[in-house]
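Colleague: I am new to this structure and would like to go through it slowly. Could you show it to me, and then take my questions in turn?

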Amino acid sequence: MWYHSIIVRIIPAVLFLTAVPALASSGDQRLILQKGLFDEYVSDARLRLASAREQLEILQEFGLTPHSSDEPVEAALLHLDLAEGYLASSLPGLEPLASASPAQDHWTPFAERKDEALRLLRGAAPDLAAAYEGTPVRAAALGGKTMAEFHYASREVRIRGYFAVNAASPEFLAARLAHEAVHALQYSSASISGTPTVSTREEELEARRRETQVWQALGAKPELDWGGQHGAQLKALLAGDEEFRKWTVDEQESAPDWSWTQAAVSSAPVPAGAVDASSLTYVADSAVMVPRLKGTIAILRANFATAAQQHLERAQDILGTLPELALPCPKLVTYDVMKLWVLQPAHYPRALNAVFEALHPVMTELDRSRAWLGAAAIDEAERGLLANYGGERNRLARPLDDAARAVVERWVPGAPPLFVYPYPGSPPRLADGAAGLPGAWQSRGGRPEIAAAWAAHLAAHRKQGLAPGSMPTAAQEEEAVRRALEVWRLSGANTGFDGGHPDRFLFYRLLDEAGGDALAYHLKSSGFAQPAPIRRRRAASNSSSK
């Protein structure tokens with residue numbers, strides 16, 4: 001999982017940073033911690049954007065021909081490109097987060113507060129403290145509404161960076177650690193019994209109950225709380241089980257007081273679940289078979305689109321919480337709060353002006369990427385934007401690599417020179433005799449058979465005399481598709497159905513394997529030109545008019 005790459009790259013540095021030598025002053029330790037967390041937040045966001053790109057590139061592959069592209073996905077990728085470009089150029093403006101904020105009075109290094117919190121937990125709830133004998137605790141990049149979490153993959157407890165940089169009390173941290181200890185023990189129990197690890201409402205209720213009991217045992221002093229969170233939870237617990245249950249459900253399902261506002265962005269389709277095997281069963285009636293297969297593709301598309309949407313949202317969560325590392329504040333100062341402050345300059349800390357200006361173009365482009373990903377079609381303005389950026393995005397069209405070229409030369413003798421470009425919606429200008437191959441057809445996983453199959457497709461059109469950029473007839477396209485599928489099979493490519501990693505010819509392959517006229521039926525109904533009817537000249541009449 002991509003989480004593992006985050007752990008490998010980031011944890012060693014942050015573990016060091018959360019245990020900064022006591023020889024440094026508390027102010028210096030705070031700045032070192034800020035810098036480490038800043039680097040982790042940015043790295044985490046970039047990895048999530050890369051994961052979103054991977055899902056979008058898979059979406060590019062569904063149903064592609066050399067004559068079409070998925071415009072909403074192309075638009076989502078364009079705005080992701082722009083967001084990543086703005087992020088790279090904005091980092092100098094974000095750097096003040098790591099050094100500009102003054103140290104708070106009486107700030108104690110996080111490592112010391114964490115150790116004191118664990119000591120307090122051992123006294124208040126020894127059974128929960130035992131969970132930390134093999135479970136590390138560290139400050140981490142957590143966004144959205146997450147205050148802390150037990151991370152299943154790395155088996156560690158992560159405390160939101162805000163509470164490390166700011167002076168959250170050991171008592172507050174001890175209660176939070178009690179909550180996550182319950183989840184750690186629940187995970188251990190599920191692992192031992194072999195049951196799936198799925199967080200339920202009852203498990204969350206138990207974690208909150210133990211958290212509140214620890215807070216109560218430690219004195220429940222309001223001045224040691226953060227935003228009155230534990231105090232409100234204790235009040236609900238003392239009112240009885242039903243009131244506590246109701247309070248917990250209401251608190252989970254409503255935006256917390258500190259979040260202030262949430263951005264409204266169109267969402268991608270929700271996950272559609274698994275593919276119904278009956279959709280892959282041949283039906284003699286093509287009018288039934290084709291819609292069934294289209295339904296299969298729609299399910300797969302929805303799953304990949306949702307995964308991309310989730311990675312984009314998570315990246316925005318992480319980037320949007322960067323300001324909380326800079327400003328000591330009783331509420332979290334997120335990007336959404338800063339947007340409100342733009343209209344109320346008196347409430348807008350000057351130190352964060354550069355931060356907002358740096359984040360604004362990045363977040364705006366990510367909003368647009370998410371919006372187009374959830375759209376059915378793009379408008380003319382967006383189509384013009386794709387055209388304007390197309391040349392620059394495809395400027396570095398590159399020849400096929402050696403492995404792919406060798407496979408092409410073996411299975412498609414006489415194929416035109418092929419160049420790979422990233423975005424099928426904007427083909428690059430190439431020398432006469434050369435052909436462009438969209439990057440989605442060039443294997444990202446070391447499978448050059450993809451290039452060979454599409455080279456066969458293009459070669460078939462050239463043999464037909466089809467001019468570059470011209471739309472083939474349905475019959476011409478069927479011949480080219482069948483030639484591509486033939487090379488795909490002959491080259492030994494894996495044609496097994498795999499919903500997690502569908503091959504690039506899934507739709508056409510299944511139609512072809514169905515036999516009959518399923519493939520022809522689909523192509524004729526997909527907008528390919530039909531041959532012009534032959535006009536017969538009427539024979540001249542021998543009779544003369546009178």
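Colleague: Which handedness does the crossing of α7 and α8 have?

Modeller: In this predicted model, the axes of helix α7 (residues 170–193) and α8 come within 8 Å and cross at roughly 145°. Among the residues that make the contact are Phe172, Ala175 and Val182 of α7, together with Ala207, Val214 and Trp215 of α8. The crossing of these two helices, α7 and α8, is right-handed.

Colleague: By class, how many charged residues does the contact of α7 with α8 have?

Modeller: On the α7 side the contact includes Glu171 and Arg176, and on the α8 side it includes Glu203, Glu204, Glu206, Arg208, Arg210 and Glu211. Beside eight nonpolar and three polar residues, the number of charged residues in the contact of α7 with α8 is eight.

Colleague: How are α16 and helix α17 oriented to each other?

Modeller: Helix α17 covers residues 474–490, and its axis lies 8 Å from that of α16, with an angle of about 150° between the two. Because an angle over 145 degrees counts as roughly antiparallel, α16 and α17 are roughly antiparallel.

Colleague: Into which classes do the residues of the contact of α16 with α17 divide?

Modeller: α16 passes α17 in a right-handed crossing, and the residues that meet there include Ile450, Ala453 and His457 in α16 and Ala480, Arg483 and Trp488 in α17. The residues of this contact divide into 10 nonpolar, three polar and three charged.

Colleague: How are α15 and α16 oriented to each other?

Modeller: Helix α15 spans residues 402–411 and helix α16 spans residues 449–463; their axes are 8 Å apart and the packing angle is about 45°. The contact is made by Ala404, Val407 and Val408 of α15 with Glu449, Ala451, Ala452 and Ala455 of α16, and by class it has six nonpolar, no polar and one charged residues. α15 passes α16 in a right-handed crossing, and the angle is one for which the two helices are described as oblique.

Colleague: What kind of aromatic pair do Tyr162 and Trp226 form?

Modeller: The count of aromatic pairs comes to eight. Tyr162 lies in helix α6 (residues 161–165) and Trp226 in the loop between α8 (201–217) and α9 (229–238), 64 residues apart, so the pair links distant parts of the chain. Their rings are 5.7 Å centre to centre with 65° between the planes, and the pair is edge-to-face.

Colleague: Over which residues is the pLDDT below 50, with 30 contacts in the model beyond near neighbours in sequence?

Modeller: The mean pLDDT of the protein is 77, and 71% of its residues reach 70 or more. Where pLDDT is low, the predicted coordinates should not be read in detail. The stretch with pLDDT below 50 and those 30 contacts is residues 258–268.

Key:
Residues numbered from 1 in each chain as written. Predicted model: local features only at pLDDT ≥ 70, side-chain atom pairs only at ≥ 80, totals over all residues. Heavy atoms only, no water. pLDDT = per-residue confidence, 0-100. Contact = heavy atoms within 4.5 Å. Axes fitted to C-alpha atoms, helices over the stretch in contact; angles between N-to-C directions. Helix = DSSP H or I, 4+ residues; strand = E, 2+ residues; numbered from the N terminus. Parallel < 35°, antiparallel > 145°, perpendicular 65-115°, else oblique. Left-handed = near helix turned anticlockwise from the far one by under 90°. Nonpolar A, V, L, I, M, F, W, Y, C, P; charged D, E, K, R; others polar. Phe/Tyr/Trp six-rings, centres within 6.5 Å; stacked < 30°, edge-to-face > 60°.
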